[in-house]
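Here is a short briefing on a predicted model. Read it alongside the sequence and coordinates.

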Amino acid sequence: MTDPGISAEQAELATTPRSQWADIWDQFKRHRGAMWGGAVFLCIILMTIAGPWVYWNDPKFVPTGRDFLELRDTRPIYVALWESSAKVSWAYPLGTDNLGRDTLGRLLAGGRVSLAVGLAAMLLSVFVGTLIGVLAGYFRALDGVLMRFTDLFLALPLLPLLLVAVLLFRDRLSGLFGPEGGTFLLIVVLVGATSWMQTARIVRGDVLALKEREFVLAARSIGTSPPKMITRHLLPNVMSPIMVSATLGIATAIITESALSFLGFGFPPDFPTWGKLLFDAVDRMELYPERVLWPGLMISLIVLSVNYIGDGIRDALDPRIRGR
Amino acid sequence: MLTYTIRRLLLSVPTLLFISLVIFLLLKLAPGDPMAQVPLTVPPDVKERMREALGVGQPWYVAFPKWLYQFFAVEPLHFVDAAFGTSLGEGQQRVISWQTRSPVMDIVIQRLPQTLWVVGVAYVVAILIALPIGIYSAYRQYSWFDNAGTFVAMVGFSVPPFFSGVLVIVIFSVWLGWFPSIYDTTHKVSDWESFVFQLKQMIMPVMVLALQITSQLSRFMRASMLDNLNQDYVRTARAKGLGEKTVVLVHVLRNSLIPVVTVIALGVPAIFGGAIITEQIFKVNGIGQLLITAIQANDLPMVQTLTFIFAVLIVLFNLVADILYGILDPRIRYD
């Protein structure tokens with residue numbers, strides 16, 4: 001039965017059903033903050049990935065002798081706008097530090113490390129959180145134990161324990177994987193192991209609710225095994241809270257890593273991360289405020305953009321808001 | 001309610017015991033040696049006896065109950081002695097710091113006022129700012145004020161305290177020269193001028209701490225107000241002819257404050273943790289700074305005590321939040 005009033009366009013819409021992800025993308029596009037956040041996030045990632053290939057200065061190069069005196073403590077190029085006697089050089093757009101190392105180069109290299117730590121720690125924390133959440137929600141026998149375990153983690157004073165743990169294991173892991181690899185592994189594992197609790201709680205709640213639905217009963221009645229049930233029926237349905245906590249997890253991980261570096265419990269001295277650059281610059285910030293401002297600005301920007309993306313994804317995945 | 005409170009209090013005892021055991025075992029792995037600073041001329045057997053006196057070599061099942069006894073029996077006794085001039089704890093070994101060789105709790109009690117002062121003022125300021133912002137944002141949802149509030153809140157909890165702290169130092173003490181960048185804890189308030197100085201040195205740390213709390217609380221207040229503003233009882237109140245002020249500030253606000261109060265209680269331990277960083281920036285010698293120096297100096301008894309105090313705060317305020325929720329909201333009954 002066809003309605004003669006229907007236009008060709010509507011007919012086409014009716015015949016090609018839109019996928020759920022297209023709807024989500026449409027809703028996401030309407031969130032202006034999230035689009036801006038996404039743009040800034042991609043920009044920073046591109047900059048840190050492509051930057052070191054395009055940029056001409058080597059961040060690890062330490063000048064010696066006369067070069068050292070000439071190159072050290074160069075101010076950023078824009079300082080020349082209001083201070084004509086400032087020591088600036090077009091070859092070093094953001095100046096150099098007190099050892100003559102290029103600030104922009106170190107900022108780009110530090111961004112790679114900070115982002116890598118953020119992404120890796122987020123993956124670990126989401127993996128652990130989802131695993132514990134699904135197990136606790138699906139298997140009733142495990143629920144009590146796993147949730148008490150989660151509560152216990154929530155009651156731990158995390159920052160003091162992180163500081164202690166870094167101090168305890170840094171040397172041991174440095175011996176095994178080298179000073180940089182060891183610290184990287186340590187920080188990723190520590191941050192991941194201390195930030196999975198929220199994900200676990202949310203996933204458990206959703207799984208508990210999903211378990212009572214008819215499609216799960218139907219799947220069980222045709223003999224679906226528990227592992228298949230989890231991967232095929234439950235996980236796709238809890239994707240949205242997992243994605244939201246994954247985006248927000250990047251922000252937490254980057255902030256935690258920077259906080260550790262800032263307190264002096266992070267990477268070795270010659271290995272730049274944004275938190276480390278900030279920490280190194282604090283002592284001389286009266287004379288060279290730019291060395292504090294740029295890394296701090298990068299951390300704040302990336303966290304802000306990630307938070308906005310998380311906000312957008314949450315709105316886009318919420319069917320009550322979508323299509324309004 | 002009372003039975004619930006008692007049950008929760010009893011339940012928190014094993015939780016705290018377990019947490020203290022976790023902290024204890026973690027610190028047991030520490031590679032440091034308290035005798036590392038002792039001169040090399042001291043013969044090894046004397047060193048060994050000194051280690052024994054400090055109880056370093058004992059296995060954990062001996063050392064842990066001893067620590068528990070010291071912390072929960074000897075320390076309170078000494079506290080009572082100091083308060084009432086009795087001599088109950090005389091001759092009993094207290095928890096001794098490896099750094100200063102003086103009782104850990106004495107140092108903690110010396111440092112606590114500085115932290116409490118800065119953190120407490122910041123928390124009160126943040127609450128006073130956040131609540132009105134949240135209420136007005138919700139009342140005028142999607143107005144320019146609400147949008148600006150959302151943006152500022154987003155920036156507020158995206159900018160980490162170690163950057164906002166450094167930023168305000170650069171702006172207000174380096175460029176403008178208004179406030180001192182270092183918090184002077186030896187400063188005593190005796191007259192108007194010293195009071196103004198105290199105020200000036202407190203502004204920046206309080207501002208940094210308050211920014212983060214304000215941004216979270218104001219968002220929470222807004223969401224809670226929005227939940228209530230569309231309820232039927234609000235329409236009823238308006239239909240009865242009550243003034244807009246009464247409807248919003250009495251009916252809606254009282255109901256929206258219930259979850260907000262619990263969030264305020266839950267936030268207290270977090271802000272002590274956050275104060276670790278803020279204290280480091282402004283050189284406040286509170287317990288956060290004490291913890292950092294203790295970790296760097298491998299002063300395990302100090303680290304253990306402080307970490308445990310943080311854990312107690314978390315468990316305690318979780319309990320407070322749950323009980324407050326039950327008291328404030330008559331619909332919630334735990335029994």
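Tyr142(B) counts as exposed, because it has 9 C-beta neighbours inside 10 Å and the cut-off for exposed is 12 or fewer. Tyr142(B) sits in the loop between H4 and H5 of chain B. Its phi is near 65°, a positive value in a residue other than glycine.

- Lys283(B) is not glycine either, yet its phi is near 55°.
- Lys283(B) belongs to the loop between H9 and H10 of chain B.
- With 13 other C-beta atoms within 10 Å, Lys283(B) is partly exposed.

**Helix H5 of chain B**
- H5(B) has 15 residues, which at 1.5 Å a residue should span 21 Å. The end C-alpha atoms of H5(B) are 21 Å apart, in agreement.
- Gly149(B), Ala153(B) and Ser158(B) are buried in H5(B).
- Those buried residues fall within an arc of 160° seen down the axis of H5(B), so they line one face of the helix.
- Cover for the buried residues of H5(B) includes H4 (104-139) and H7 (192-229) of chain B, along with H14 (289-317) of chain A.
- Trp144(B) and Ala148(B) are exposed, on the face of H5(B) turned away from its buried side.

**Contact between chains A and B**
- Chain B gives 33 residues to the contact and chain A gives 30.
- Helices of chain B that each supply at least two residues to the side touching chain A include H1 (2-28), H5 (144-158), H6 (161-175) and H9 (244-282).

Methods
Residues numbered from 1 in each chain as written. Chains lettered and ligands numbered in written order. Predicted model: local features only at pLDDT ≥ 70, side-chain atom pairs only at ≥ 80, totals over all residues. Contact = placed C-beta atoms within 7 Å. Helix = DSSP H or I, 4+ residues; strand = E, 2+ residues; numbered from the N terminus. Expected span 1.5 Å × (residues − 1). Buried ≥ 20, exposed ≤ 12 C-beta atoms within 10 Å, placed from the backbone. Arc of directions from axis to C-beta.
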